[in-house]
Amino acid sequence: MPATPEFKQQLQTAFNSIQVGQTFIFRRTFTEGDVANFCGVTGDYNPYHIDDTFAQSSFFGRRIIPGLLTASMITHIGGMIGFLATEMHFHYAAAVYTGDTITCTVTITEKDEEKRVLQATATSINQDGMHVLQSQFSGFPSHVRLAR
């Protein structure tokens, strides 16, 4: 089914409303419940995430948050701008633990006017100022709901 002219206009309006250099920030503290829910939904029962005895004997010294749970912070921002990702890349720099507060800053880095595609980066930093995750992704916005 082809897109309606109204929907095409909505996409163009959303694309036009986002500028290179624009940033979006989301901060959250990860809980035991977040890990349990994520592992239950994804089936990621890696002992680094769920087994205290195993994790205590590892070089982390305790259980760590699943990497994709940390990376999913960009989907909160993406949801607020109706962003549909077409490509994502992650570099995990440091472990995230239950109780850590992570600040994820998304920055729009490029706009391809012809394809109506955005490029963005995301930097995730813990409460101690340590970089834990660097991300790059592309896609397109469909409906911006964030306040200016």
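A: A salt bridge is counted here when a side-chain nitrogen of Lys or Arg lies within 4 Å of a carboxyl oxygen of Asp or Glu. Side chains of opposite charge can pair when their charged atoms come close. By this rule, the count comes to 3 salt bridges.

Some remarks on the source are needed before the details. The model is predicted, so local features need pLDDT of at least 70 and side-chain atom pairs count only at pLDDT 80 or more, while totals for chains, interfaces and linings use all residues. Residues are numbered from 1 along each chain as its sequence is written, and side-chain values use heavy atoms, with hydrogens and water left out.

One of the salt bridges joins the side chains of D34 and R28, with 2.8 Å from N to O. To describe their surroundings, a residue is called buried under 20% relative accessible area, exposed over 50%, and partly exposed in between, using a 1.4 Å probe and protein chains only. D34 is buried, at a relative accessible area of 19%, whereas R28 is partly exposed, at 25%.

Another salt bridge is formed by the side chains of R63 and E32, with 2.7 Å from N to O. This pair links distant parts of the chain, 31 residues apart: R63 belongs to the loop between α4 (52-56) and α5 (67-71), and E32 belongs to helix α2 (residues 32-42). Helices here are DSSP runs of H or I with at least four residues, strands are runs of E with at least two, and both are numbered from the N terminus. R63 counts as buried, with a relative accessibility of 17%.

D52 is partly exposed, with a relative accessible area of 40%. Through salt bridges that share partners, E32, D52 and R63 are joined into one network.
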